[in-house]
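Colleague: Before we discuss this chain, could you show it to me and then take me through the terms one by one?

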Amino acid sequence: MRLIVRQERPHPGAQSRLTDAHAMRPTCFATNTLGRPIAELELRHRLRARVEDRIRATWATGLRNVPLHRTAQNLIWLEIVQFALDLLAWMPMLALAGEARLWEPRRPRLRLFTAPGQLVTAGRRRILRLAGH
């Protein structure tokens, strides 16, 4: 088994840790893969971290609970979650720039997909009043 340790700069906005020295953060991972260069092993490890980020986004998008009672209904729910994940994966590449490309699923939901408004009943009619901005 090999333990690979390296120092890297923390990402912008990261909170300092007790182990940070000279603005560098030690990171490490262990592997039992033989015959591969360290750079290739590190790339494989970083790609796995991206997969784990996608899994976290899946849980935040609606996979945390399966709200319906029947299997067929829950399959439809899972298709909707998958469609939402596809939108969240493609939208930053096609429509967003800068820091907005790195947003977690909750932030675009609150900043881009919601519109503040009030549902008002007046004169036996329901009126949706949206904010001017």
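Modeller: Let us begin with a definition: helices (H or I, at least four residues) and strands (E, at least two) are DSSP runs, numbered from the N terminus. This is a predicted model, in which local features need pLDDT of at least 70 and side-chain atom pairs count only at pLDDT 80 or more, while totals for chains, interfaces and linings use all residues. Residues are numbered from 1 along each chain as its sequence is written, and side-chain values use heavy atoms, with hydrogens and water left out.

Colleague: Which helix gives the most to the lining of the largest pocket?

Modeller: That is α1, with 10 residues. A pocket here is an open set of points on a 1 Å grid over the protein atoms alone, where a 1.4 Å probe fits, with protein on both sides within 12 Å along at least five of seven lines, and lining residues have an atom within 4 Å of a point. The largest pocket is lined by 39 residues, and R50, D53, R56, L102 and E104 lie nearest its centre.

Colleague: How do you know that the span of α1 agrees with that of a helix?

Modeller: The expected span is 1.5 Å times one less than the number of residues. The 26 residues of α1 should therefore span 38 Å, and its end C-alpha atoms are 35 Å apart, which agrees.

Colleague: Why is N74 called buried?

Modeller: Buried means under 20% relative accessible area, exposed over 50%, and partly exposed in between, with a 1.4 Å probe and protein chains only. N74 has a relative accessible area of 14%, and therefore counts as buried. This residue lies in helix α2, where V81, L88, M91 and P92 are buried too.

Colleague: What is N74 in contact with, leaving aside its neighbours within four places in sequence?

Modeller: Contact means heavy atoms within 4.5 Å, and on that basis N74 touches V66, P67, L68 and H69. The buried residues of α2 pack against α1 (38-63) and α3 (106-111).

Colleague: What makes β3 and β4 a pair of strands?

Modeller: Two strands pair if DSSP finds at least two bridges between them. Six bridges join β3 (residues 117-122) to β4 (residues 125-130), and the two run antiparallel, with V120 opposite I127 in β4. They form a hairpin with two residues between them, and G123 in the turn has a positive phi of about 60°.
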